[in-house]
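Please go through the structure below.

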Amino acid sequence: MKIFFLFTFSTFLLSAFEQAAASAHYDKILTHSRIRARDQGPNVCALQQVMGTKKKYFSTCRNWYQGAICGKKATVLYECCPGYMKMDGTRGCPAVAPIDHVYGTLGIVGATSTQQYSDMSKLREEIEGRGSFTFFAPSNEAWEQLNSEIHRNLVDNVNIELYNALHHHMVNKRMLTKDLKNGMTLVSMYNDQKLLINHYPNGVVTVNCARIIHGNQIATNGVVHVIDRVLTAVGNTIQDFIEVEDDLSSLRAAAITSDVLDILGRPGHYTLFAPTNEAFERLPRGVLERIMGDKVASEALVKFHILNTLQCSEAITGGAVYETLEGNTLEVGCDGESLTVNGVKMVKRKDIVTSNGVIHLIDEVIIPDSAKQVIELGGAQQTTFTDLVAQLGLASSLRPEGQYTLLAPLNGAFSDDTLRMDQRLLKTILQNHIIKVKVGLNELYNGQELETIGGKLLRVFVYRTAVCVENSCMVRGSKEGRNGFIHIFRQIINPAEKTLHEMLRNDKRFSVFLSLVKAAGLDDVLSRPGEWTLFVPTNDAFKGLTDDDKDILIRDKNALRNILLYHLTQGVFIGSGFEPGVTNILKTIQGGKLYLKTVNDTLLVNELKSRESDLMATNGVIHVIDKLLYPADLPVGNDQLLTILKKLIKYIQIKFVRDSTFKEIPLTFYSKSILNTS
């Protein structure tokens, strides 16, 4: 009768506990593991075991579908869910594990070494008796991995050292995984020592960074959780550890200089990636001296190594991004048994648990952008630019106390011809990519002018999905350093030197178009200050146009102006500033509409390819086309003019409405432009 009562009572307890645990991460992951194994029978859980190790996890969806944990292949195992057991001749795990006192439960969950040590240390009587305990029981493998000297000292003094050590693994009340809240601190039964609990979204629960590998094994007088390592006492803060650890003297000096060390002595849940002295010695001497001599930079450096969350190594089963005290983020991940920071294996020693967090020793110093000089912000795709800046002596002009903005073209923007240029000319080009002030991306606005260290003024153009400076547009990757910003650009920036009219006059390809501009009285429009986008047909667009045809066009000034001003829009529109594949509608000065879009880095104007785009002028931009543009909805009422236009324009059907005339376009649009720019 007693056995039947215990069996029924344990079934009731487990059912009640499972319902109550529905909101806890561990229990949610366990529920998913049950669902994945439902074809194996009742109460079976699916686990993943990292190949080559004994590590097993109730996995998140991400790890499950990747078939890997920490980048290593994981095999699928099917085991009885915690609290259940197999029965001969039946599928799955239909039986509830027998319920016993804590001592007996240690044997049920396979923690036989902890059970044996409980017997040796005279703890057995206590955990067989009355009470409500939580026992975080080290697995057999955990005892085997314990430092041999510590292990020997415990076994040699079972009545005091071993007894106290086991008491340190116990709490004087029952705590299921649902009760183990992230960031909570429990008081152990040894000398009121702290046990730091972390309950992570991936279902991992840790106690002083030891992972619960088998949780919620109910006992008549409490609960047993099997953990993967033996717990050691936690007394000191992170600050205390840094102050006495000889291998962290360089970090200690930086933390003192920056006034960050005191933060690590306060209550909290920190993670410190602590660079060793050897890591600091690897830094170039000039870099280290500059940072240590700059309180703002040294503070940024130290804070960049600190997370305001406690990340135990056993909880990291894949990459995740965490915010540092410096304000920017680190990606913390794993590769097999190794922790990685920003994708690099650099952790030498893991999980030094303190009363206010955890320390991982690393063999690299991670310098945040905010502690770097602006020239140091260039990445792998900007090495041509940064190397040239150094080689041509411009890096030395970027003073640490100054404020600058680098407009860094991608490596591919530098052609062989550019790199073979005379060094004086190349230096001038580079000077046009260094702004005399510090300007962030969110400080740039349309129409802004930026002065370079070479004295040039560069114009800023802001579009719906792009920010451009002169002919070149930004790509993602802007960074802020100690003395400036770096913005990344697709192409070398070519500051405008000539007006639209001067550019037409100096390029023989545009001689016919320019003669028509002159005949229409529009020279002045293209010569004065303004902001225009001009679509210029080359002479090829006028093939077949005779002198007589040209005379007919010129005599009808209204017609000529309508045609030419259909090629001109108010505003500067850079081809690479358009959102790819999306049609952009521009209203021309003539009144009609132009339809522009970029496809495969080619600008299309009314579906006609631009042969060359983004030729910058001081008063606008030119896009070169090889066809004359004409508004499809504008009728022609003159037979002679219709014949001429049909010679030149074959890609659309021109409407003919007899006796219709072209509207007169006064130059008032031009006077407004002058007024706006003066």
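What are the helix and strand percentages over residues 369–493, and how far apart are the end C-alpha atoms? The model is predicted. Over residues 369–493 the chain is 18% helix and 29% strand. The end C-alpha atoms of this span are 24 Å apart.

## Annotated spans

Residues 369–493 are one of the spans that UniProt lists as "domain: FAS1", in an unreviewed entry. The record also gives 98–231, 235–366 and 497–629 under that name. Residues 497–629 are 29% helix and 30% strand. Their end C-alpha atoms are 27 Å apart.

UniProt also places "domain: EMI" at residues 41–95, again in an unreviewed entry. That span is 11% helix and 42% strand. Its end C-alpha atoms lie 12 Å apart.

## Cavities

Six cavities of 30 Å³ or more are present in the structure. By class, the lining of the largest cavity holds seven nonpolar, four polar and four charged residues.

Where does the largest cavity lie? Domain 1 (18–96) and domain 3 (238–369) both contribute lining residues, so the largest cavity lies between these domains.

## The second largest pocket

The second largest pocket has a volume of about 960 Å³. It is lined by 37 residues. The closest to its centre are N471, C473, R490, Q491 and S576. The lining divides into 16 nonpolar, 13 polar and eight charged residues.

Four strands each supply at least two lining residues: β27 (472–481), β32 (593–599), β33 (602–605) and β34 (608–617). Of these, β27 gives the most, with six residues. Domain 4 (372–489) and domain 5 (500–670) both give residues to the lining of the second largest pocket, so this pocket lies between them.

## Helix α21

Helix α21 spans residues 547–555, and its buried residues are D549, I552 and L553. Seen down the axis of α21, these buried residues fall within an arc of 100°, so they line one face of the helix. An α-helix has 3.6 residues a turn, so residues three or four places apart point the same way.

What does the face of α21 turned away from the buried side carry? That face has the exposed residues D547, D548 and R555.

## Positive phi in two loops

K122 is not a glycine, yet it has a positive phi of about 70°. This residue is found in the loop between α5 (112–120) and α6 (124–128). Is K122 buried or exposed? Its relative accessibility is 60%, and exposed means over 50%, so K122 counts as exposed.

D601, also not a glycine, has a positive phi of about 65°. D601 lies in the loop between β32 and β33. Both of those strands contribute to the lining of the second largest pocket. At 82% relative accessibility, D601 counts as exposed.

## A buried strand residue

L272 sits in strand β14 (residues 270–275). Its relative accessible area is 1%, and buried means under 20%, so L272 is buried.

Conventions:
Residues are numbered from 1 along each chain as its sequence is written. This is a predicted model: local features need pLDDT of at least 70, side-chain atom pairs count only at pLDDT 80 or more; totals for chains, interfaces and linings use all residues. Side-chain values use heavy atoms; hydrogens and water are left out. On a 1 Å grid over the protein atoms alone, a cavity is a set of points where a 1.4 Å probe fits but cannot get out, and a pocket is an open set with protein on both sides within 12 Å along at least five of seven lines; lining residues have an atom within 4 Å of a point. Grid points are joined across faces, edges and corners, and a volume is the space filled by probe spheres set on the points. Ala, Val, Leu, Ile, Met, Phe, Trp, Tyr, Cys and Pro count as nonpolar, Asp, Glu, Lys and Arg as charged, and the others, Gly among them, as polar. Domain bounds come from an automatic or database domain assignment. UniProt positions are given in the numbering used here, feature names are shortened, and annotations may be inferred rather than shown by experiment. Buried means under 20% relative accessible area, exposed over 50%, partly exposed in between (1.4 Å probe, protein chains only). The arc is that of the directions from the helix axis to the C-beta atoms.
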